[in-house]
Structure formats: structure tokens, C-alpha cells
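Here is a short briefing on one protein chain. Keep the sequence and the 3D view open while reading.

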Amino acid sequence: QVQLVESGGGLVQPGGSLRLSCAASGRFRSINSMGWYRQTPGKERELVATISSGLINYADSAKGRFTITGDNAKVMVYLQMASLKPEDTAVYYCYVRGRPLLSALEYHYWGQGTQVTVSS
């Protein structure tokens, strides 16, 4: 059973920085993509950044401020966030899409979410 565990969320002042980490338990035969989404109450979960085969995609709101990195071998994904704004306040979810070691199928896994609050 694959589980994703996020860490690094918290309270930060506007203009500050945070680094989110996501680690997956279990082993994978292959990784299709990894990334981060975020969600605020009453809104749909929205893409923040994804990384797939070295190709990186950012939401417009994240470009120039956030940096995603990933390690397929360790099945870890990070999100370095800088110049944070109050509108970045949300629950951030990591995901991994890949084929577990003993599976012939590809699955999409989500972490439990970590709260990021940007406030003075």
C-alpha cells in the first residue's frame, strides 16, 4: 500500500518562504509524474506545479515564485515557495502517479494535505 506523507506547511508572513516535502512509502516500477495541488474551502483543487520526465509545469500564480523538484528514485517531491502571498493560503496536496513495483497498472496517489497559511 502506497502512502504519501507531506511536511513543511505552517504559518508564514507575507513575503516569506516555505519548503514542502512529500515522501512516498512503497516502491515503484515507474513514475509518470509528481506534483502539487492546493485547495481552499469552497473551491476545487487546483494545480500548482507538476514534474514529469523532467518537464515542469507551473500554474501562472506559481511562476517565478515556486520551484518544484523531484527525485524519482526516492519517490520524493518538493515545493520551494518564496514571496508568499495571503492568497497562497490553502491546503497543499502532493501526488504521485506511477506503477507500484508489484502492479501492472498505474495509479494516482494523493497525500493527506498540509496547511499553508500566509498572514501577518
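**Contacts, fold and core**

Among contacts between residues at least 6 apart in sequence, 57% join residues at least 24 apart. The model behind this value is predicted. The chain has zero helices and 11 strands.

**Overall build**

- From the N terminus on, the order of elements is β-β-β-β-β-β-β-β-β-β-β.
- The radius of gyration is 14 Å, close to the 14 Å that the globule rule gives for 120 residues, so the chain is as compact as a globular protein of that length.
- Along its principal axes, the C-alpha trace spans about 50 × 25 × 25 Å.
- Of the 120 residues, 42% are buried.
- The accessible surface is about 6,600 Å². Carbon and sulfur atoms account for 49% of that surface.

**Nonpolar core**

- In soluble globular proteins, nonpolar side chains tend to be buried together.
- The largest nonpolar core here holds 30 residues. Within this core, W36, L79, M81 and Y92 touch the most other members.
- Two or more core residues come from each of β3 (18–24), β4 (28–39), β5 (46–52), β7 (66–71), β8 (76–81), β9 and β11 (114–118).
- Leaving aside residues up to four places away in sequence, L79 touches L18, R19, L20, W36, V48, A49, F66, T67, I68 and Y92.

**Disulfide**

- The count of disulfides is one.
- The disulfide joins C22 to C94, with an S to S distance of 2.0 Å.
- C22 lies in strand β3 and C94 in strand β9, so the pair ties together parts that are 72 residues apart in sequence.
- The link of C22 and C94 is right-handed, with 50° about the S-S bond.
- C22 has a relative accessible area of 1%, so C22 counts as buried.
- C94 is also buried, because its relative accessibility is 0%.
- In general terms, a disulfide is a covalent bond between the sulfur atoms of two cysteines.

**The loop at S103**

- Where is S103 placed? S103 is in the loop between β9 (90–100) and β10 (107–110).
- Is S103 buried or exposed? Its relative accessible area is 16%, so S103 is buried; the cut-off for buried is under 20%.
- A polar atom of the S103 side chain lies 2.9 Å from the backbone nitrogen of L105.

Conventions
Residues numbered from 1 in each chain as written. Predicted model: local features only at pLDDT ≥ 70, side-chain atom pairs only at ≥ 80, totals over all residues. Heavy atoms only, no water. Helix = DSSP H or I, 4+ residues; strand = E, 2+ residues; numbered from the N terminus. Buried < 20%, exposed > 50% of the residue type's maximum accessible area, 1.4 Å probe, protein only. Polar contact = N/O pair within 3.5 Å; in protein donor to acceptor, adjacent residues only side chain to side chain. Core = buried A, V, L, I, M, F, W, Y, C linked by side-chain atoms within 4.5 Å. Contact = heavy atoms within 4.5 Å. Disulfide = S-S within 2.5 Å. Rg over C-alpha atoms; globule rule 2.2 N^0.38 Å. Areas by Shrake-Rupley, 256 points an atom, 1.4 Å probe, with all protein chains shown as cover.
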